[in-house]
Amino acid sequence: MPIATGHEKEELEAELEGRRLLDIDFPEGPFGTKEAPAIVKSYYDKRIVGCPGGEGEDEHDVVWFWLEKGKSFECPVCTQYFELEVVGPGGPPDGHGDEDDHH
Amino acid sequence: MIESQRHSYHLVDPSPWPISGSLGALATTVGGVMYMHPFQGGARLLSLGLIFLLYTMFVWWRDVLRESTLEGHHTKVVQLGPRYGSILFIVSEVMFFFAFFWASSHSSLAPAVEIGGIWPPKGIGVLDPWEIPFLNTPILPSSGAAVTWAHHAILAGKEKRAVYALVATVLLALVFTGFQGMEYYQAPFTISDSIYGSTFFLATGFHGFHVIIGTLFLIICGIRQYLGHLTKEHHVGFEAAAWYWHFVDVVWLFLFVSIYWWGGI
């Protein structure tokens, strides 16, 4: 491990372990279907996701939506299926009580 | 594992240095104009502005070193900023020197009747390019080679060797500047002796000034290398100094060929 500190050190450590720190930032993969949904990783129980449609001709304007843990989402334009995989501590993403917690 | 921040960027803290640097630059230019014209207090304002500027440079760069070396804010993507910045700065410096070469070529390729229709102008005794300038020509590129030696030492993790290589780089730089100083001291013409003196001292003078800046930059790199600031993964400051040094090197080659040699025969 080279000499480093702070976030630079975290980045270098992750690199040595063979992972990219912001791997979850750029989800990509085959078109998600009902049987094999597109998996989007998240540190928390929900995350804003944008669906750009399929490749080439099948591309569409990005549709933004909240993807929540345990609930799959179907894009209203291209019917792509999404599911959330929580890889972090879970809970609400804004760090304090979410309105969903009250009901 | 959750990291200390969920992005790779450096969100800087508010800093007083941009405005203090601006005020320093304003005082320096206004003071400089006043000093060169019949105004009172010009020297005082000029000195104040320069002190302000030097102070700002010191504390601003001190803060950048704290943020990068001591706080680890300079991730890979953050390092791209100073890299592109250094390259663009050097590109602008190339254009700066291009203008001096243009001026010199403009006046020498078709010498005006006022200077006798010849170049060097009638009555101007020029410096012999095959004496000190020719001696300086291998010295500056050798310094450039030494800085490459330092770079390889850093990349190989040989920290002590990198310090030695930087010392060699700086010593060669000082020898070059010393020779230039001697040459200036005994030059048979001044900056006010025709367009020849003006273009000669403007171009070589600004080059010498850049050599001094580059030498200071390399000295800082040597001190930081000695203190262990530069690692083989992260040494943007050193790379910027090395690029700058190579640039100064190349400008010298053009100065030698076009101003000392071609312009002196």
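**Helix packing in chain B**

Modeller: In this predicted model, α5(B) and α7(B) are roughly parallel to each other, and therefore that is how I would describe the pair. Their packing angle is about 30°, with the axes 13 Å apart.

Biologist: What is the hand of the crossing of α5(B) and α7(B)?

Modeller: The crossing in which α5(B) passes α7(B) is left-handed.

Biologist: Which residues of α5(B) and α7(B) meet?

Modeller: On the α5(B) side they are B:Leu166, B:Thr169, B:Ala173, B:Phe176, B:Gln180 and B:Glu183, and these meet B:Phe238, B:Trp245, B:Trp252 and B:Tyr260 of α7(B). Sorted by class, this contact has seven nonpolar, two polar and one charged residues.

Biologist: Now α4(B) and α7(B): at what angle do their axes cross?

Modeller: Helix α4, residues 132–155 of chain B, and helix α7, residues 236–261 of chain B, cross at roughly 160°, and their axes come within 10 Å. This angle makes α4(B) roughly antiparallel to α7(B). The crossing of α4(B) and α7(B) is left-handed.

Biologist: How do the residues of that contact divide by class?

Modeller: The contact of α4(B) with α7(B) comprises 15 nonpolar, seven polar and two charged residues.

Biologist: And α3(B) with α6(B), how do they run relative to each other?

Modeller: The axes of helix α3 (residues 76–109) and helix α6 (residues 194–226), both of chain B, come within 9 Å and cross at roughly 160°. The two helices are roughly antiparallel because angles over 145 degrees count as such. The crossing of α3(B) and α6(B) is left-handed.

Biologist: Which residues make up that contact?

Modeller: From α3(B) there are B:Glu93, B:Phe96, B:Phe97, B:Phe100, B:Ala103, B:Ser104 and B:Ser107. They meet B:Ile195, B:Thr199, B:Leu202, B:Ala203, B:Phe206, B:His207 and B:His210 in α6(B). The class count for α3(B) with α6(B) is eight nonpolar, five polar and one charged.

Biologist: Stepping back, how many helices and strands does chain B have?

Modeller: Chain B has seven helices and zero strands, and its pattern along the sequence reads α-α-α-α-α-α-α. The C-alpha trace spans about 80 × 50 × 30 Å along its principal axes.

Biologist: What does UniProt place on chain B?

Modeller: An unreviewed UniProt entry gives "domain: Heme-copper oxidase subunit III family profile" for residues 5–264 of chain B. In the model, that stretch is 74% helix and 0% strand, and its end C-alpha atoms are 61 Å apart.

Biologist: Where does the record put the feature "transmembrane region"?

Modeller: The unreviewed UniProt entry lists residues 17–36, 43–61, 81–103, 162–180, 200–223 and 243–263 of chain B. Among these, residues 43–61 are 100% helix and 0% strand, with end C-alpha atoms 27 Å apart. Residues 81–103 are likewise 100% helix and 0% strand, and the end C-alpha atoms of that span lie 34 Å apart.

Biologist: Changing topic to chain A: how many of its residues are in contact with chain B?

Modeller: In chain A, 17 residues are in contact with 20 residues of chain B. The area buried between the two chains is about 1600 Å², and carbon and sulfur atoms give 53% of that area.

Biologist: Which residues in chain A lose the most area to chain B?

Modeller: They are A:His7, A:Glu8 and A:Tyr43, which together account for 34% of what the chain A side buries.

How values were computed. Residues are numbered from 1 along each chain as its sequence is written. Chains are lettered from A and ligands numbered from 1 in the order in which they are written. This is a predicted model: local features need pLDDT of at least 70, side-chain atom pairs count only at pLDDT 80 or more; totals for chains, interfaces and linings use all residues. Side-chain values use heavy atoms; hydrogens and water are left out. UniProt positions are given in the numbering used here, feature names are shortened, and annotations may be inferred rather than shown by experiment. Helices (H or I, at least four residues) and strands (E, at least two) are DSSP runs, numbered from the N terminus. Axes are lines fitted to C-alpha atoms, for helices over the stretch in contact, and angles run from 0 to 180 degrees between N-to-C directions. Angles under 35 degrees count as roughly parallel, over 145 as roughly antiparallel, 65 to 115 as roughly perpendicular and the rest as oblique. A crossing is left-handed if the near helix is turned anticlockwise from the far one by less than a right angle, and right-handed if clockwise. Contact means heavy atoms within 4.5 Å. Ala, Val, Leu, Ile, Met, Phe, Trp, Tyr, Cys and Pro count as nonpolar, Asp, Glu, Lys and Arg as charged, and the others, Gly among them, as polar. Buried area is the accessible area (1.4 Å probe) that two parts lose on being put together, summed over both.
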